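The sequence and structure come next.

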Amino acid sequence: MRIFDPHIHMTSRTTDDYERMAAAGVRALVEPAFWLGQPRTSVGSFTDYFDSLVGWEPFRASQFGIRHHCTIALNPKEANDPRCRDVLQVLPRYLEKDGVVAVGEIGYDSMTPEEDEVFAAQLALAVEHDLPAMVHTPHRDKARGTDRTIAVVRESGIDPGRVVVDHLNEVTVARVAESGCWMGFSIYPDTKMTPSRMVAILQEHGLDRVLVNSAADWGRSDPLLTLRTGEAMLAAGFSDDDVDRVLWRNPVEFYGQSKRLDVSDLASVDATFEGNSILRGGS
């Protein structure tokens, strides 16, 4: 089983997680810019973080044979903090970096007027820089937030096929399917979505425009839940090709729209991790 995790916050994970992921068949991933758990108080703290996403994390992942890409944005939660607003001015130079494959995470946290403004501005940046967009739906009042998200995407003029609306569930999936946007699902141990619920959604809605991720942030999470979802799909009667479509070909198709995705030489790699010099005891 080859796996491309299209949304995972590796900044919050250890190198042990990278090793486990590689052994499980993860060959590529996208790490979205997100909230770090406490307020950032200056633009400089964002630029240091963005620099790590385009520099240090790709190097760290490469030690385990994993291709790392990222998305860059001012996240919805911090869009409400006036100290962070000038981040919008530094985004364009990061959106030109080779490893940046989308603008994200953008969207809503509390659905404030400030979030409306920043969301629209960053969708405009996605259009300007010819990049896809990754949209975060709010944890509270998710149905209303998803409807508002779809409306703003329509207002922006961006092709909905270049937008993934993430953190969906059974209540919101049909709305996004009808919009033409891609549907993103985060699999967690306790919240959001489980492998068995994900399988039921795939059985009802099909495999088109679906991205399954483990997100794996600072809270209780598991970077191997993409693998567990693939295993649950097989147990439910989906084919190996179905699993490959959801866990590999779909994310390649979506992020390939950036023209910066770098996985062509990984396409035929066997899912069995053979390690690298570090894991084999080299220096």
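## The pair Arg197 and Glu170

Glu170 is partly exposed, because its relative accessible area is 40%. The model that gives this value is a predicted one. Arg197 is also partly exposed, with a relative accessible area of 30%.

Arg197 and Glu170 form a salt bridge, in which the closest N and O atoms are 2.8 Å apart. Arg197 belongs to helix H8 (residues 195-205), while Glu170 sits in the loop between strand E6 (163-166) and helix H7 (173-179), so this pair ties together parts that are 27 residues apart in sequence.

## Two further pairs

Side chains of opposite charge can pair when their charged atoms come close. Glu78 and Arg40 form a salt bridge, with 2.8 Å between the closest N and O atoms.

Asp81 forms a salt bridge with Arg83, and here the closest N and O atoms are 2.8 Å apart. Asp81 has a relative accessible area of 16%, so Asp81 is buried. Arg83 has a relative accessible area of 43%, so Arg83 is partly exposed.

## Network and total

Some salt bridges are linked to one another. Arg2, Asp241, Asp244 and Arg249 make up a network of salt bridges. How many salt bridges are there by the rule used here? The count comes to 21.

## Packing of H9 and H10

Two packed helices are described by the angle between their axes and the distance between the axes. Helix H9 covers residues 225-235 and helix H10 covers residues 240-255; they pack at an angle of about 150°, and their axes are 9 Å apart. Angles over 145 degrees count as roughly antiparallel, so H9 is roughly antiparallel to H10. The two helices, H9 and H10, cross in a right-handed way.

Which residues meet where H9 packs on H10? From H9 they are Thr226, Gly230, Met233 and Leu234, and from H10 they are Asp240, Asp242, Val243, Val246 and Leu247. Sorted by type, the residues of this contact between H9 and H10 are five nonpolar, two polar and two charged.

Methods:
Residues numbered from 1 in each chain as written. Predicted model: local features only at pLDDT ≥ 70, side-chain atom pairs only at ≥ 80, totals over all residues. Heavy atoms only, no water. Axes fitted to C-alpha atoms, helices over the stretch in contact; angles between N-to-C directions. Helix = DSSP H or I, 4+ residues; strand = E, 2+ residues; numbered from the N terminus. Parallel < 35°, antiparallel > 145°, perpendicular 65-115°, else oblique. Left-handed = near helix turned anticlockwise from the far one by under 90°. Contact = heavy atoms within 4.5 Å. Nonpolar A, V, L, I, M, F, W, Y, C, P; charged D, E, K, R; others polar. Salt bridge = Lys/Arg side-chain N within 4 Å of Asp/Glu carboxyl O. Buried < 20%, exposed > 50% of the residue type's maximum accessible area, 1.4 Å probe, protein only.
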